[in-house]
Each structure stands twice: as structure tokens, then as C-alpha cells.
Amino acid sequence: MTDASTTDSKTNARKPRGPRPDLATQLQQQLRGGAETAEAGDTAGDAAAERAPRGDGQAQQRNNPRRRPQKPQRGPGGQGGGPRAPEGAAKAQQQQQQPSQPERPQRKVNPVLERLFELHPKLFGARFLPLKLGVYEDLLARHPDVFKAEELKIAMGQHARSTRYLEAVAAGHQRHDLDGNPVEPVAPEHVHHAILELHRRRSQRTGEDLRPQLVTRIARAIEASGLDREAYAVLVRSRDEKANAVVDEALAELAAQAAKREALLRAFEASGRSEQEFADMYGMKPGEVTRTLQRARKEREAAAAPAAAPEAPAPAAEDAAQ
């Protein structure tokens with residue numbers, strides 16, 4: 001009978017260990033094993049890349065992870081080195097870096113003008129109105145203890161040169177007294193010069209070519225003046241050749257418009273139709289045809305009136321002297 005303990009001990013007996021390698025030998029074995037593993041991985045990846053289609057770059061990157069490019073992280077300035085900052089923070093940094101522009105100093109209002117606004121708000125308030133000729137003397141007479149003559153003269157000059165006042169004059173509003181009552185129309189030459197000054201200021205401010213708008217506005221001023229075109233030209237001509245050229249262009253535009261109205265009147269008279277039928281025939285609005293024909297008739301009568309009027313006798317020398 002065999003002893004069980006003896007059998008188990010023989011079966012489970014460990015093999016005798018050999019001499020243990022030193023530390024340097026262990027490191028060399030680990031390095032050789034890592035190199036062989038890496039070489040085997042590269043060989044397997046290259047073989048898989050050769051089996052994959054050549055145009056499938058993504059498959060090559062999956063089979064060979066070591067060759068997959070890594071995207072660099074972007075920093076605040078769009079370069080590598082950290083997480084990307086929010087756009088709002090970047091804009092705030094740029095605004096802080098930019099030097100702040102100094103604010104324009106507010107113009108001081110002449111105290112005399114402030115006093116005029118308190119005394120006559122209809123004339124010097126939110127809305128400016130053209131002032132009657134001689135209003136300076138009227139102010140001194142009505143408020144002898146309020147204004148000094150020289151200070152009032154300076155303030156009135158500033159008021160008359162302001163853009164808001166020139167706009168009121170250029171619009172053709174009537175002149176007003178100290179109580180806000182209209183007393184007289186603005187002279188055509190004053191309207192004309194106000195329009196030119198406003199055009200000069202706007203052109204300098206914007207740098208745009210505003211000549212077409214200027215010509216149109218001068219043409220309207222000529223019509224509103226009640227003068228014929230030749231009389232207006234004589235009244236406003238000056239030594240400024242550019243201003244005179246604008247007047248000539250506006251006069252030419254008005255003459256062309258008058259010729260069209262005259263041609264329309266002649267066509268209407270020759271048609272033998274009513275104004276409604278004539279408007280339908282030319283594709284015009286009946287009201288527009290009526291207004292155009294009426295104006296053409298007035299212009300024809302005005303042109304024929306001087307030729308039909310008898311010439312007045314020349315006054316004698318004695319009468320002219322009186």
C-alpha cells in the first residue's frame with residue numbers, strides 16, 4: 001500500500017530554480033521583448049494597409065493608429081497651447097486694448113440766445129422762423145434793460161448763421177415779428193443764398209456729390225419766387241461762377257419742362273378729345289392732365305402778355321426828376 005502523502009509530495013514537487021539573473025540582464029530582456037512586440041505591430045499594420053484600398057485613407061489610419069495625426073488645441077489667439085477663449089471675451093479684450101476716443105466737448109450756448117428763447121419761444125424755440133428785417137432794433141426797444149447792444153448783435157449773428165435758421169429761410173417761410181406774426185415774405189435772393197450755403201455745408205460734411213439735389217431745389221425756388229426765369233437769373237447772379245452755372249442748369253431744366261407742357265397742350269388741342277379721353281389715350285391720370293394743361297395755358301398767356309401790351313411813353317425829364 002502506497003502512502004498518499006508521499007505520492008502527493010512527489011507529484012506537486014516544484015522544479016528546481018536556476019540561478020536568478022541580475023537586474024541589468026532583466027532590463028535587457030524587457031527592452032528586447034518590447035522592440036519585438038512593436039516590430040510585430042508595425043508589420044501587422046503595414047500588411048493591413050496593403051490589403052486595404054489605396055484611396056481609403058481612413059482605413060489606413062484605423063489599421064495604423066500610430067500614424068493618425070492629432071489636432072493641436074487652439075489657444076485664445078487661435079494658436080496651440082490651451083483651450084480656445086469665447087468670442088465675447090476676445091472682443092472685450094480687444095476693446096480694452098483699443099484707446100478710448102475722447103468725447104467731443106459740447107458747445108456752450110450763448111446766454112443771450114437762452115434769454116431770447118425764454119422771452120420769445122415761438123421764434124427761438126424748437127422751431128426757428130425767419131425774422132423780420134429790423135428785428136434787432138425791435139428787441140433793443142422792447143427789452144432795453146435785458147440786452148446789451150453789442151452782446152445782442154453777436155448773438156443775433158450766431159442765430160442767423162445757424163443751420164436750423166438757414167433751413168427756415170431756404171424753405172421760403174414768411175418773416176415774423178417778435179409776437180410770432182407773419183409780416184412779409186423772404187426775398188428770393190435770400191432764399192437762394194440760404195440754399196447755396198446749406199448745400200456747401202452738407203457737401204463738406206458728407207463728401208457726396210449733391211449737385212443734382214441742388215439744381216432741383218434751385219429750380220423749385222425759381223418757380224416759388226413768382227419771377228420769370230430771366231428776372232430771377234439777373235437777381236441772383238454773383239461773381240461765383242460755380243453758383244451761376246447751377247442757376248443756368250436749373251433754368252435749362254425749367255425751360256425743358258415748360259416745353260413739354262406746351263407740347264402736351266398742343267397735342268390736346270389737336271386731338272379734339274376731352275381731357276378724360278386724352279388722359280386714357282396717353283396713359284395719364286386725368287387730374288395730372290388737367291393740372292398740366294392749366295399750367296401750360298398760364299405760361300402761354302404770360303409769354304404773350306408783354307408782346308400784346310402797349311408800350312408806355314417814356315417819362316419827361318422833369319417828371320423823372322420829381
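Helices (H or I, at least four residues) and strands (E, at least two) are DSSP runs, numbered from the N terminus.

**Ground rules.** I am looking at a predicted model, where local features need pLDDT of at least 70 and side-chain atom pairs count only at pLDDT 80 or more, while totals for chains, interfaces and linings use all residues. Residues are numbered from 1 along each chain as its sequence is written, and side-chain values use heavy atoms, with hydrogens and water left out.

**Pocket.** I looked up the largest pocket first. On a 1 Å grid over the protein atoms alone, a pocket is an open set of points where a 1.4 Å probe fits, with protein on both sides within 12 Å along at least five of seven lines; lining residues have an atom within 4 Å of a point. I noted about 560 Å³ of space in the largest pocket, the volume being the space filled by probe spheres set on the points. Its lining has 19 residues, and Asp228, Arg229, Ala258, Glu299 and Ala302 lie nearest the centre. H11, H12, H13 and helix H15 (286-308) each give two or more residues to that lining. The largest share, 7 residues, comes from H15.

**Helix H11.** Next I checked H11, residues 211-225. Which residues of H11 are buried? I found Leu214, Val215, Ile218, Ala219, Ala221 and Ile222, where buried means under 20% relative accessible area and exposed over 50% (1.4 Å probe, protein chains only). Down the axis of H11, the buried residues fall within an arc of 160 degrees, so they line one face; the arc is taken from the directions from the axis to the C-beta atoms. Arg220 and Ala224, on the other side, are exposed. The cover over the buried residues includes H10 (188-206), H12 (229-236) and H13 (241-271). Just past H11, Gly226 has a positive phi of about 80 degrees.

**Two histidines.** His120 sits in the loop between H5 (111-119) and H6 (121-124), and I have it down as buried at 6%. Its side chain makes a polar contact (N or O atoms within 3.5 Å, one able to donate a hydrogen and the other to accept it; residues adjacent in sequence count only if both atoms are side-chain atoms) with the side chain of His143, at 3.1 Å.

His176 is in strand S1 (residues 175-176) and also counts as buried, at 9%. The His176 side chain reaches the backbone oxygen of Gln174 at 2.8 Å.

Conventions
The expected span of a helix is 1.5 Å times one less than its number of residues. Contact means heavy atoms within 4.5 Å.
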